[in-house]
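Open the model in your viewer and keep the selection panel at hand. This tour goes stop by stop.

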Amino acid sequence: MNRGWVMGGLDVAVAVMLLVGVWGFLPARWLPVDAGATLVAMLMGLSGIGFLTGQSWAPKVGRLAAGITLAIGVVLVTTLAFTAGNLSGLYGPVGLGGAAILGLVALLLLPYFVIFPAAQLYFLAPRSQDASSPKPSKEPSKAPLPEASKKADAEEE
């Protein structure tokens, strides 16, 4: 199976889940969340469709969508973890319930907003050889002999 098909299918699936999650399951509307989630979902959907149809621009859009998603995900999961720790530290046994819920939400968001975008950035990274490293060749090296070797060769003749 082609890597583009897998990446495209995953991008489209995550885009649909994100749109359904934000527009179907969030009880209140808040413009930053709605607009941000819709933008990321549209970028991921566009990237997925590009991969599925074999477009040349799909990796660029995929890296952009993954980078934005990873940045948002790291901030979101870190904020939830810090808030859970603060809640449990400040409110003792009562705060433990809230901390457990926030921790669960952070764990549920981690695969989709941190691990998947990081893996996608890894797989979509441009592959190029370093210009400073020599490319291996099949021909023997024709490097000039050091001076001492040249003198010894001349004396043998």
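Start by selecting helix H2. It has 23 residues and reaches 32 Å from its first C-alpha to its last, close to the 33 Å expected at 1.5 Å a residue (the expected span is 1.5 Å times one less than the number of residues). Helices here are DSSP runs of H or I, at least four residues, numbered from the N terminus.

This is a predicted model: local features need pLDDT of at least 70, side-chain atom pairs count only at pLDDT 80 or more, and totals for chains, interfaces and linings use all residues. Residues are numbered from 1 along each chain as its sequence is written, and side-chain values use heavy atoms, without hydrogens or water.

Val40, Leu43 and Met44 of H2 and Ile68, Phe116 and Gln120 of H3 are among the residues making the contact (heavy atoms within 4.5 Å).

Last stop: Gln120, in H3. Is it buried or exposed? Gln120 is buried, with a relative accessible area of 2%. Its side chain makes a polar contact with the side chain of Asp11 at 2.9 Å (a pair of N or O atoms within 3.5 Å, one able to donate a hydrogen and the other to accept it).

Terms used
Helix = DSSP H or I, 4+ residues; strand = E, 2+ residues; numbered from the N terminus. Buried < 20%, exposed > 50% of the residue type's maximum accessible area, 1.4 Å probe, protein only.
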